[in-house]
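Good morning, and thank you for making time for this presentation. Please have the sequence and the model open as I speak.

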Amino acid sequence: MTFRSRLFATVALPVLSTALIATPTLADALMKPFEVAQESTGESQPSEEELLLQQQQQQQDDEAQRAAEDEQQRQAEEQKAAEEAERAAAEQQAAEEEAQRAAAEAEQRQAEEQKAAEEAERAAAEQKAAEDEAQRAAVEEEQRQAEEQKAAEEAERAAAEQKAAEDEAQRAAAEEEQRQAEEQKAAEDAEKAAADQKAAEDEAQRAAAEAEAQRQADEQKAAEEQKALDEQKPATEEQAEQPVQQQDGGTSETTAGESEQPAVGEGEQPAVAGEESPADTGTDQPATAETGETPVTEPVPEVVDTMTEAEKQEIAEDPAKTDETVVLPVENGAAVLDSDKDADNAGGQESREQRRKKREELRAQEEDVPVPETDDAAQATISEEVREAVPGRIEAAIKEEGKRVKEAPDFAVPETTNIINNTVINNTIINNNTVNNTTIDNSVTEVNIVERVENRTVLEVGDQLIVRGDDRPRLRRDSEEVYYDNLARGRVRETIVRPGGVEIVTIYNRYGDIIQRSRVGRDGREYILVYAPELEDDSPRPGLVDVGYELPPMRLRIPVSDYIIDTSSNPDRDYYDFLAEPPVERVERVYTIDEVKHSARLRDKVRRIDLDTITFATGSADVPMSQARTLRSVAEAMQKVLDKDPGETFLIEGHTDAVGSDKSNLVLSDERAESVASLLTDVYGIPPENLQTQGYGERFLKVKTQVAEQQNRRVTIRRVTTLVRPMARAN
């Protein structure tokens with residue numbers, strides 16, 4: 001019921017009804033005297049009193065009529081007032097609705113004004129910060145916005161890829177199950193092939209023994225029948241030795257043929273009969289100091305872990321109490337330190353025992369030197385003169401006049417390199433009380449290019465394969481300008497200009513080794529990332545020397561849980577505190593980034609994060625976006641480290657399992673490292689110049705097995721800043 005209807009029902013209608021009822025009654029009352037008068041007319045004339053009464057009655061009747069008319073007029077006016085009130089109520093309701101709408105608009109406008117005020121306040125704060133930071137901060141903000149926009153675009157693309165990946169999930173699971181079945185069958189075939197090969201080798205040894213006995217008998221008979229065979233004797237001995245040489249040569253060729261035959265598809269594909277079997281993979285012997293050839297008669301003694309899981313766990317909790325090789329407390333767990341893995345692969349159980357003895361000899365000496373508590377303490381042996389000279393020498397190299405060249409240079413591959421032989425170090429030098437340069441055999445070995453795959457080169461150095469990648473394409477991405485200058489002594493200076501004027505300046509030697517790398521802001525402030533002054537001269541010094549073999553075997557003196565983090569088992573770990581920790585032992589000098597890449601012993605000095613939440617498919621370097629999100633916590637910790645010191649350097653290491661050829665696994669592992677580095681840059685904004693990458697193939701297995709193993713297909717992150725540049729002295 002509207003307001004008008006309610007007003008009419010409660011006010012106008014009762015008044016009108018009263019008026020209609022009162023009018024006839026009043027009329028009857030007024031007419032009654034006249035009727036009485038008429039009735040009495042016939043009888044007699046009214047008296048004066050009656051006339052006076054009649055006159056008074058008439059006046060009363062007139063007044064009553066006038067009152068009735070006034071009442072009727074009043075009721076009409078009230079009805080009109082009711083209509084006016086109803087109309088006013090309607091107008092009031094409309095006004096209220098208009099007021100509500102106006103209030104809502106005012107509230108919205110006030111919210112917008114408040115938001116605008118907040119925006120203005122934040123803009124004022126940002127403006128003040130921009131004024132404090134001057135033009136450099138504005139440029140960095142613009143770059144950040146561009147990176148965020150690109151990250152958003154990548155996220156959109158990733159969402160589409162994730163949807164496609166989810167559609168592929170079932171099919172991939174079925175294929176994975178089938179692949180595992182095929183790998184299991186292949187492993188069984190490989191075991192059978194290994195057993196057959198062992199039987200063949202036993203037969204070959206027996207045949208060689210028989211041939212040797214026959215040769216000796218023939219020589220004795222020939223000596224008795226003909227004593228004057230001085231000229232013919234060499235030929236006779238050569239003929240007599242021929243069966244043994246043929247037997248040896250046949251074994252070597254068979255082994256070489258098996259190892260050279262490519263695996264099915266890319267790296268990490270299952271082995272099949274006639275290819276490299278798990279029994280053969282990883283059993284290549286180190287080159288001898290004299291010839292660099294692979295011995296075939298002395299296999300590496302197998303490492304057998306006799307400790308229980310409980311004993312391994314006890315050692316892992318406090319490795320400082322033992323001189324034994326520390327292994328991961330899991331089934332078939334390999335050594336924790338990569339340098340120990342190298343020693344196990346090269347010398348087996350014998351090498352383990354020798355390293356244990358050496359650690360025992362060095363225990364007292366090492367206990368006198370505490371574990372470093374800061375980066376500065378870790379570099380205590382680096383002189384103050386070296387540290388103070390760094391900024392001036394780097395500035396001089398950046399400003400040095402050079403000859404501009406149009407194209408990026410092609411770096412030379414060393415023709416020879418001094419690579420230290422594992423056998424010499426582990427089996428001979430290790431017995432000395434003091435390890436020094438004079439007792440190490442630096443065998444001069446030819447370096448051969450095995451294969452070039454895009455921006456990667458696989459090199460054969462003695463009995464080892466090494467992959468060297470070119471990170472310049474990754475650093476040049478999204479740059480505004482890149483130019484090169486040829487400097488004196490065969491050096492090349494590369495300058496990458498980023499949006500906003502930030503410059504990445506890198507100086508290389510003729511082999512592509514980084515002498516120094518700096519980031520120069522628009523305001524001219526410089527951050528040193530890498531500095532290796534010993535590479536500045538023009539001497540033919542290649543970067544493939546494993547200088548870590550000059551050091552004694554390392555003793556891990558902190559718990560394994562404080563040395564390695566697995567992201568899957570430690571999702572709530574404070575990765576920033578972990579990455580900010582100093583090396584676990586002193587750093588003797590500043591090393592080149594290539595020396596760190598090619599020395600497990602040097603890398604063992606710093607802690608590592610195993611990104612085992614990224615599970616690569618067999619033969620693949622792609623990172624699914626669903627797994628890329630697991631990098632967020634690690635990436636945020638890395639960015640926090642960089643916020644404190646923009647000159648930090650992280651090494652991203654790629655690894656594979658033992659299935660497939662060494663060459664394909666090396667390339668695949670390097671691609672995996674680059675994929676994670678690109679992901680950290682494109683999605684999480686980690687500057688590419690702060691990331692170094694290196695692939696190691698199947699060399700450093702986490703779980704000792706020759707079959708497909710997910711835990712071995714991984715990527716590792718280490719903070720290597722303390723190894724590759726002098727640290728500023730703490731105040």
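Predicted model: local features only at pLDDT ≥ 70, side-chain atom pairs only at ≥ 80, totals over all residues.

Residues are numbered from 1 along each chain as its sequence is written, and side-chain values use heavy atoms, with hydrogens and water left out.

The chain has 16 helices and 15 strands. Helices (H or I, at least four residues) and strands (E, at least two) are DSSP runs, numbered from the N terminus. Of the 731 residues of the chain, 40% count as buried. Here, buried means under 20% relative accessible area, exposed means over 50%, and partly exposed lies in between, with a 1.4 Å probe and protein chains only. The chain exposes about 40,100 Å², and carbon and sulfur atoms supply 48% of that area; accessible areas come from the Shrake-Rupley method with a 1.4 Å probe, and for residues only the protein chains shown count as cover. Contact means heavy atoms within 4.5 Å. Among contacts between residues at least 6 apart in sequence, 71% join residues at least 24 apart.

The expected span of a helix is 1.5 Å times one less than its number of residues. Where does α5 bend? The bend is at G347 and amounts to about 125°, taken as the angle between axes fitted to the seven residues ending there and the seven starting there.

Helix α15, residues 662–682, has 21 residues that should span 30 Å, and its end C-alpha atoms are 30 Å apart, which agrees. Helix α15 is also mostly covered, with 16 of its 21 residues buried. T656 lies in the loop between β13 (650–654) and α15. T656 counts as buried because its relative accessible area is 1%. A polar atom of the T656 side chain lies 3.4 Å from the backbone nitrogen of E698.

The next topic is aromatic rings. Rings of Phe, Tyr and Trp (its six-membered ring) pair if their centres lie within 6.5 Å; planes under 30 degrees apart count as stacked, over 60 as edge-to-face and the rest as tilted. By this rule the count comes to two aromatic pairs. One of them is the tilted pair of F411 and Y508, at 5.0 Å centre to centre with 45° between the planes. F411 lies in the loop between β1 (403–405) and β2 (416–420), and Y508 in strand β8 (residues 503–508), so this pair ties together parts that are 97 residues apart in sequence. F411 is partly exposed at 22% relative accessibility, whereas Y508 is buried at 3%. The rings of Y696 and F700 have their centres 5.5 Å apart and their planes at 70°, so that pair is edge-to-face. Both Y696 and F700 are buried.

Two further buried residues deserve a description. S518 is found in strand β9, residues 514–520, and counts as buried at 1% relative accessibility. Which side chain makes a polar contact with that of S518? The partner is E526, at 3.1 Å. A polar contact is a pair of N or O atoms within 3.5 Å; within protein, one must be able to donate a hydrogen and the other to accept it, and residues adjacent in sequence count only if both atoms are side-chain atoms. Not counting residues up to four places away in sequence, S518 touches several others, including I394, I398, V505 and Y527.

L556 is in the loop between β10 (526–531) and β11 (564–566) and is buried, at 4% relative accessibility. Leaving aside neighbours within four places in sequence, L556 is in contact with P319, A320, V336 and Y563. The C-alpha atoms of L556 and V584, 28 residues apart along the chain, are separated by 7.7 Å.

Finally, I come to backbone angles. E454 has a positive phi of about 55° although it is not a glycine; E454 is in the loop between β3 (442–453) and β4 (456–461) and is exposed at 74%. R489, also not a glycine, has a positive phi of about 60°. R489 is placed in the loop between β6 (481–486) and β7 (492–497) and is partly exposed at 41% relative accessibility.
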